Amino acid sequence: MMNNLANILGKLNVHALPSSPITAGAVIGGSIAVLAVIALITYKKRWTWLYKEWITTTNHKKIGVMYIIVAVLMLLRGASDAGMMRLQQATSVGSAHGLLSPNMFQQVVSAHGTIMIFFAGMGLMFGLINLVLPLMIGARDVAFPFMNSTSFWLFAFGAVLINLSLGIGEFSAAGWLAYPPLSELKYSPGVGVDYWIWSLQIAGIGSLLSGINFIVTILKMRAPGMTLMKMPMFAWSVLGAMTLVAFAFPILTVTLTLLALDRTLGMHFFSAGYGGNAMMYINLIWAWGHPEVYILILPAFGIFSEIVSTFSSKRLFGYKSMVWAIWAIVFLSYGVWLHHFFTMGAGANVNAVFGIATMLIAVPTGVKIFNWLFTMYRGRIRFTSPMIWFMGFVFLFTMGGVAGVLMAVPPIDFQLHNSLFLVAHFHTMIVSGVLFGYFAGITYWFPKTFGFRLNEKLGKYAAYCWIVGFILAFLPLYILGIMGATRRMDHYSASLGWQPLFIVAGIGASIIFIGLGLQILQVIVSIWKRNETKDLSGDPWSARTLEWSTTSPPPEYNFALLPVVNQRDAYWASKHSKTKTENDSYSPIYSPKNTSSGFFIGLFSLTIGFSIIWHIWWLLIIGFLGLVLTIILRTTSGEHEKVITVSQIEKIEIPLNGGTKA
Amino acid sequence: MSKKSKILIILLPIILILAVSVWYLSGQNVAVLQPAGVIGQKERSLIFIALILSAVVVLPVYALTILIAWKYREGNTSAKYTPDWDHSRVLETIWWGIPLIIITILSVITWNSSHALDPYQAIASKVKPIQVQVVALDWKWLFIYPKQHIASVNKFVIPLNTPISFNITSDTVMNSFWLPNLGGQIYAMPGMSTTLHLMANKAGSYYGSSANISGKGFSGMNFTADAVSSNSYNSWISSLAKSKSVLNLNNYNKLALPSTYNRVSYYKNVPDGLFENIIMKYMEPITNGSSI
Amino acid sequence: MSSDIETIAIKQAAHVAEKHEEDSKTLFGFWLYLMTDCVLFASLFATYAVLHNNTFGGQSAHQLFSLPYALTETLILLTSSFTCGLAVLAAQSKRKNQVISWLSVTFVLGISFLSMELTEFSRLAASNNSWHRSGFLSSFFTLVGTHGLHITIGLLWMFVMIFRLYKGSIGRTTIRQLTLFSLFWHFLDVIWIFIFTIVYLLGGIGV
């Protein structure tokens with residue numbers, strides 16, 4: 001009987017439940033939180049509302065909000081992992097071995113990197129793009145709204161899967177990129193690496209679909225008159241990033257599949273022996289991984305371009321340079337992946353070529369920074385909290401860039417590779433570049449999305465905490481790196497004299513946590529006092545681009561009349577021109593219907609992933625059939641659009657226009 | 001709060017932190033910046049050259065940021081305001097051009113130094129190089145002196161001013177052999193042999209580690225490299241030749257089993273071709289059961 | 001009153017234009033998807049190129065594959081691409097029965113291709129040359145198998161289209177679907193030509 005049961009559940013059995021008190025605590029805490037949310041929804045009788053307004057929505061603004069909610073939750077999970085790492089490294093010295101076992105520590109390290117890049121970074125990015133991109137180019141939605149909802153649910157269920165590993169089984173302990181042979185079945189026999197593979201695979205396919213979706217949106221759906229060179233810089237940066245997605249994510253899909261085939265079917269792509277080639281994995285994963293860095297950072301650059309221009313009340317300086325810089329970065333980012341493993345011994349010529357290509361990226365990046373500075377030059381700079389994030393970014397990012405140039409020189413990299421110096425370098429780039437950019441973007445576009453601004457005071461305090469905390473947390477890591485400390489250590493000997501620096505880093509991390517706390521407080525306070533910061537004009541920052549020309553929050557269809565554009569910063573121009581444009585009469589708007597298909601595609605993908613991880617083959621068949629049927633039913637079902645009639649539009653628009661009919 | 005005290009509040013902690021760190025670090029081994037070998041010393045000068053060149057761009061950026069942010073703040077209504085000025089060919093040429101020139105200089109340096117400091121390239125010296133074979137195991141380092149037929153775990157000794165040629169492989173997952181005081185690291189991969197050339201010119205006992213995650217015993221995978229006079233080196237070699245343990249295939253297979261935080265241990269009578277056999281077992285199927 | 005009718009007519013015309021716009025978006029999006037699929041196959045080809053000599057003491061491509069067999073597969077697939085084209089032509093002139101028959105021919109050809117591929121797979125597996133054997137065979141099974149998986153998806157897609165055509169008439173959606181499908185099917189053809197050249201032809205002469 002027990003045997004049969006064991007067969008039915010594949011590798012899954014009671015030992016999969018958490019054994020350490022820390023994970024057990026996290027699981028119990030997490031479960032209680034989930035149950036509390038479920039209870040609250042039931043108590044408030046909001047299930048239908050949740051289903052109709054959110055789960056089945058195809059509206060880009062709501063999907064954007066959901067992305068950001070999931071991403072912020074994952075950011076908090078990733079940050080708590082970071083906290084544990086700092087605690088471990090500050091205490092696990094000499095005869096003390098810290099709170100975490102080596103394996104647990106390595107799981108935490110791997111989870112931190114994976115979650116922060118794939119679920120926090122990518123989530124915030126797609127969230128912001130969804131929120132503002134269509135509005136910014138004067139479109140009513142994305143090109144494929146159903147596919148957009150599918151992308152989101154794949155992302156969300158990928159996040160669910162990675163969190164399931166906390167309670168059922170274990171997570172990968174092979175680092176965030178799971179290099180073989182360590183990640184092969186022989187050396188990692190548990191299910192951890194499988195969780196890593198399948199949560200990334202599911203979320204990754206979602207990202208790939210989003211990439212295609214936004215490229216089509218930008219190229220095909222811009223407002224009449226908005227030629228490419230009249231697009232806001234954010235749209236350009238998204239186009240660059242999504243091009244990278246379209247070219248890079250298929251490589252990730254393949255790489256993860258090959259590793260899964262090795263682990264699940266006993267193939268030998270990356271095995272040690274049997275004709276496998278682990279170096280090929282490292283090449284493949286970085287052929288995706290390096291562009292991925294630019295996927296995350298380009299939209300952040302775009303956000304900074306919008307913010308700097310708006311808060312300096314001045315046109316963006318060097319628009320054409322900026323566009324060229326984006327495409328130079330896109331192009332170059334494919335030619336540098338080898339700099340992640342100069343130490344593999346590829347030979348001096350190869351290393352030198354990749355080193356030089358890497359340094360070249362510093363040029364367009366530097367050009368962007370100079371252009372932002374000269375956007376501020378002779379402007380009227382308002383130091384709102386988005387600008388504080390920007391200032392922090394300029395200082396830290398430039399510093400991190402210098403570290404990057406250092407490591408682009410192969411002989412220097414031989415000394416700094418895989419050290420804490422490297423860790424400090426890429427955290428400087430990603431935290432100050434990506435995260436600060438997205439925080440600034442959230443603050444900036446929050447009033448557009450919800451109709452009221454975030455509390456400025458708390459926002460500024462949070463930014464200061466992040467900047468100071470970051471310096472304290474990561475300067476010691478730069479130094480530790482040049483002292484010879486490698487990354488991912490769970491323990492070191494006391495005689496090395498590293499502990500004081502790790503303690504300082506821990507203090508820095510605590511200050512960052514205070515910053516995070518202030519941000520949570522900021523959201524709560526802002527909702528509480530939302531009447532004080534209500535945005536009635538639709539343009540709270542005196543901004544320049546089209547998203548500010550509609551109401552806050554915008555109606556479902558974004559624009560009752562599609563805006564006509566004849567120059568950059570179209571909205572700024574229309575505010576400052578004396579001639580008012582002739583108003584056209586409204587036409588009915590065709591808007592996508594809600595659909596649950598995206599949700600079910602995500603759910604069945606989760607089922608497939610989970611069943612492969614645990615070898616539950618009957619469940620795999622169910623998941624697979626469910627997925628195929630959902631897609632067939634969706635593609636063969638009838639009309640996917642609904643009509644918003646003129647009278648419905650008038651009902652929404654007339655009160656907004658002060659009672660006059662358009 | 002006055003503006004001056006605001007600046008003080010920002011500057012004081014920075015100066016304080018700098019002072020404390022300099023004081024603290026002066027008593028520590030900052031391996032990369034205090035190299036004890038020729039390669040490491042050249043790598044350190046490269047770091048300084050690259051830093052100085054980067055400073056040509058970075059310092060103006062910092063200065064400009066502070067100046068512009070200060071001068072064109074909203075409160076300063078006397079500053080010039082040109083909301084539509086968005087292009088200057090001269091300025092943009094400068095900031096495409098100057099970084100490009102600096103990167104070109106750096107590229108030349110990169111090209112030359114990549115060749116000069118190629119870890120595969122032997123170090124020119126009158127002294128005959130010593131070959132050390134390095135095997136990464138779960139989770140310890142095995143150092144084989146093939147000519148001397150001795151081996152040691154987690155510690156090795158080298159004579160000063162003598163080029164050392166390391167051949168590196170792994171009999172487990174990928175690791176990275178890193179000896180920061182002497183300069184450089186290189187991956188240790190199963191089924192492959194990588195090479196690293198180093199030479200010590202300051203006596204001392206130096207810390208080395210695996211820089212690439214390799215499983216649960218990874219953090220304990222450290223070793224010591226002692227750079228000593230050639231007399232001390234010779235006596236170390238002869239003392240090893242008298243050690244109790246023999247590294248035959250049987251003992252090697254026992255040693256290769258996973259173990260964490262290993263003590264230093266020594267072996268004599270290391271058979272010829274052990275290192276090559278370790279590599280070959282990943283290259284073709286094992287035909288006779290007796291090999292490693 | 002008449003002006004109202006006029007506005008309605010204008011708005012309907014606008015809606016038709018919007019629908020065309022919709023089709024062009026879908027087509028463009030599908031091209032982009034094909035391009036990402038191209039990158040996917042390129043990665044698999046690269047993998048095969050790296051591993052094709054790593055036989056770990058086993059048989060090589062030259063010893064394992066039969067060129068005439070692969071040539072037959074190629075011809076079947078090429079013919080199916082041709083019949084698929086005929087189905088699209090028939091759809092443009094709204095001849096429903098012809099569309100159904102040409103699609104069915106394509107379907108049968110696709111099935112035959114797939115069964116030939118699976119026969120080869122089982123032959124290899126039976127002679128102890130399955131994917132467990134070596135890095136080379138892993139990459140062979142994965143590259144060819146991924147193409148086969150795409151063919152399977154294409155077959156499923158055709159099946160659904162044939163079924164829908166039986167039930168309904170040829171409308172805008174059908175033509176759009178058929179256009180996308182034929183793009184997909186031709187794309188698989190091109191990929192197969194590469195597989196044929198790199199795996200079977202170059203493998204056959206022992207490169």
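## Basis of the description

The model is predicted: local features need pLDDT of at least 70, side-chain atom pairs count only at pLDDT 80 or more, and totals for chains, interfaces and linings use all residues. Residues are numbered from 1 along each chain as its sequence is written, chains are lettered from A and ligands numbered from 1 in the order in which they are written, and side-chain values use heavy atoms, with hydrogens and water left out.

## The two domains of chain C

Chain C is divided into domain 1 (1-43) and domain 2 (65-207). Each side brings 13 residues to the contact between these domains, where contact means heavy atoms within 4.5 Å. The area buried between domain 1 and domain 2 of chain C is about 1200 Å², and carbon and sulfur atoms give 79% of it. Buried area here is the accessible area (1.4 Å probe) that two parts lose on being put together, summed over both.

Two salt bridges are counted between domain 1 and domain 2 of chain C; a salt bridge is a side-chain nitrogen of Lys or Arg within 4 Å of a carboxyl oxygen of Asp or Glu. The side of domain 1 of chain C that touches domain 2 has eight nonpolar residues, one polar residue and four charged residues. In this classification Ala, Val, Leu, Ile, Met, Phe, Trp, Tyr, Cys and Pro are nonpolar, Asp, Glu, Lys and Arg are charged, and the others, Gly among them, are polar. Three residue pairs are in polar contact across the interface of the two domains, both residues being at pLDDT 80 or more. A polar contact is a pair of N or O atoms within 3.5 Å; within protein, one must be able to donate a hydrogen and the other to accept it, and residues adjacent in sequence count only if both atoms are side-chain atoms.

## A salt-bridge network in chain C

Asp23(C), Arg172(C) and Arg176(C) are linked in a network of salt bridges. The N to O distance is 2.8 Å for Asp23(C) with Arg172(C), and the closest N and O atoms of Arg176(C) and Asp23(C) are 3.2 Å apart. This last pair links distant parts of the chain, with Arg176(C) in helix H6 (residues 172-204) and Asp23(C) in helix H1 (residues 2-51), 153 residues apart. Helices (H or I, at least four residues) and strands (E, at least two) are DSSP runs, numbered from the N terminus.

Asp23(C) is buried at 18% relative accessibility, while Arg176(C) is partly exposed at 23%. The classes are buried for under 20% relative accessible area, exposed for over 50%, and partly exposed in between (1.4 Å probe, protein chains only).

## The interface of chains A and B

Chain A gives 93 residues to its contact with chain B, and chain B gives 86. The two chains bury about 7900 Å² between them, of which carbon and sulfur atoms give 70%. In chain A, the residues that lose the most area to chain B are Arg378(A), Arg380(A) and Gln415(A), together 11% of what that side buries.

The count between chain A and chain B is 32 residue pairs in polar contact, both at pLDDT 80 or more. H11(A) gives the most to the side of chain A that touches chain B, with 17 residues. By class, that side has 59 nonpolar, 24 polar and ten charged residues. One salt bridge is found across the interface of chain A and chain B. Asp86(B) and Arg315(A) form a salt bridge, with their closest N and O atoms 3.0 Å apart.

## His491(A)

His491(A) lies in the loop between helix H15 (456-483) and helix H16 (499-528) of chain A, and is buried at 6% relative accessibility. Beyond its neighbours within four places in sequence, His491(A) is in contact with residues of both chains, including Ser92(A), His97(A), Ser219(B) and Tyr261(B). The side chain of His491(A) reaches the backbone oxygen of Gly94(A) at 2.6 Å and that of Ala96(A) at 3.4 Å.

## Salt bridges within chain A

Over all chains, the count comes to twelve salt bridges. Asp569(A) and Arg544(A) form one at 2.8 Å, N to O. Both Asp569(A) and Arg544(A) are in the loop between H16 and helix H17 (570-576) of chain A, 25 residues apart. Asp569(A) is buried at 17% relative accessibility, and Arg544(A) is buried at 2%.

Technical notes
Domains from an automatic or database assignment.
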